[in-house]
Amino acid sequence: LKYGVPPKIVRLLIGMHRHVLVKFDIDGVVKMLEAILGVKQGDLLGPPLFDFYIAAIMETWRVTSTYELPLFRTRPDFQMTGRRPTTSGEDFTVGDSEYADDTGLAFCSRADVDEQTPLVMAHFRRWGMEIHAGVLDPLVGSGLLDFSAMTPLKGSKSEVLFCSKPLHMYTDPETFDGADLSPILLPNDRFMEIVDRFPYLGDVVARDGGDALAVDARVEAGSKAFGTLRGCLFSSTSVSREAKRAVYEAIVMSIALYGCECWSLTEPLYRRLRVMQAQHFRAMSRVTRMHAWEHHISTQQLGRELGIPSIDHLIARRQLRWAGHISRMDYDHRLPRRMLSSWVPHSRPVGGPAMTYGRSLGKALDHFLLDRERWPELAANRAAWRAMLRAGFAPPEFRPRPPSPPPRPPPSWLLP
């Protein structure tokens, strides 16, 4: 009821799950038992009901827990870069992220991780849920043996990602100035490893906050998908280019660019993706590198013959499609919209970041000839925004204004 579900629907759901019998047939022995936990196996109601359940678990956790949370500041504009840290705005915190049964929590210190992790596990246990953790030898848990000297009895699916400062801020970058990266020891001989990378929702979150690991993982996955279909489809002379293009964009590019909407891409990362696409274009056109070099055949020419846009265009289109969704969200009630124009109210360390999401999205806007100040006006009209993405360029009224010409030098006869 709290989440807006009509009372009648709630009563129907309760009635459907009040008396559920499960039939067991083992070697001819039939037994009927009443199910008192969960939903019916294979029931379509399972995923949405679980979403409500995990939301209730995390809401009660936020109410009952007290520890420092990552702090952000935001304003209801669309400025995504170049903001001073002292700029006034509305402060808010982000402590957790949930998608189905994948839950991530953010802590600001090792002490908070050591203190709060057992409490989180106990909180989930009270709701009938279990957070997976590894199992240690009892001698390790008691301190009689060193963890690094032996293999755990069972690995942990739950992991802790240590996010470091820029390396130049450490006196000893190799040890992060002696940071404690030993496993998190938990009650009952359980533990969680501290890792330098973590796969989350199909992407890879790295210790340094960059996207190099995510790009490498996507390039590898996309290349494997292309290689699987290369012999029977992409390099076949009996398959039309139209069919190759349709399968390439629907399968290979969907795999290779999964999650690119949130990437902050530097030029070296763009080059890795361009090299992958160039290899695919040559294979589909049955052109070797030597042949392309001798006859001056560019990747752009092969792409035009195949009718496939460049990977820069595909990335920009995906990023702008996602940015349009976020811009239309309600600022007061949707976290992605607040995060879009947020910043950290803390002085930036010495040395500029390699790339930020705002600058990366700015590249996508420039690729589509969109004015960086007026794009939210066009994105507010979903139909017009989608038409712009299909066309590949912005309408004339939303393009950047041409720079004013430089002032003409004074006539020579006016000079002293």
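Buried means under 20% relative accessible area, exposed means over 50%, and partly exposed is in between (1.4 Å probe, protein chains only). You'll need that below. This is a predicted model, where local features need pLDDT of at least 70 and side-chain atom pairs count only at pLDDT 80 or more, while totals for chains, interfaces and linings use all residues. Residues are numbered from 1 along each chain as its sequence is written, and side-chain values use heavy atoms, with hydrogens and water left out.

**Exercise 1.** Sort Asp 196 and Arg 197 by accessibility, then describe how they pair.

*Solution.* Start with Asp 196: its relative accessible area is 38%, so it is partly exposed. Next, Arg 197 comes out at 43%, so this one is partly exposed as well. Now for the pairing: the two form a salt bridge, and their closest N and O atoms are 3.6 Å apart. To count as a salt bridge, a side-chain nitrogen of Lys or Arg must be within 4 Å of a carboxyl oxygen of Asp or Glu. The structure holds 18 salt bridges.

**Exercise 2.** Work out which parts of the chain the Arg 73 and Asp 91 pair links.

*Solution.* First, check the contact: these side chains meet in a salt bridge at 2.6 Å, N to O. Then place the partners: Arg 73 sits in strand β3 (residues 71-74) and Asp 91 in strand β4 (residues 90-93), 18 residues apart, so distant parts of the chain are linked. (Strands are DSSP runs of E with at least two residues, helices are runs of H or I with at least four, and both are numbered from the N terminus.) Last, accessibility: Arg 73 is buried because its value is 17%, whereas Asp 91, at 40%, is partly exposed.

**Exercise 3.** Describe how helices α2 and α3 pack, and what makes the contact.

*Solution.* Step one is geometry: α2 (residues 46-64) and α3 (residues 110-126) pack at about 135°, with axes 11 Å apart. Axes are lines fitted to C-alpha atoms, for helices over the stretch in contact, and angles run from 0 to 180 degrees between N-to-C directions. Step two is the label: α2 is oblique to α3, because angles under 35 degrees are roughly parallel, over 145 roughly antiparallel, 65 to 115 roughly perpendicular, and the rest oblique. Step three is the contact (heavy atoms within 4.5 Å): residues making it include Ile 54 and Trp 61 of α2, and Leu 119 and Phe 124 of α3.
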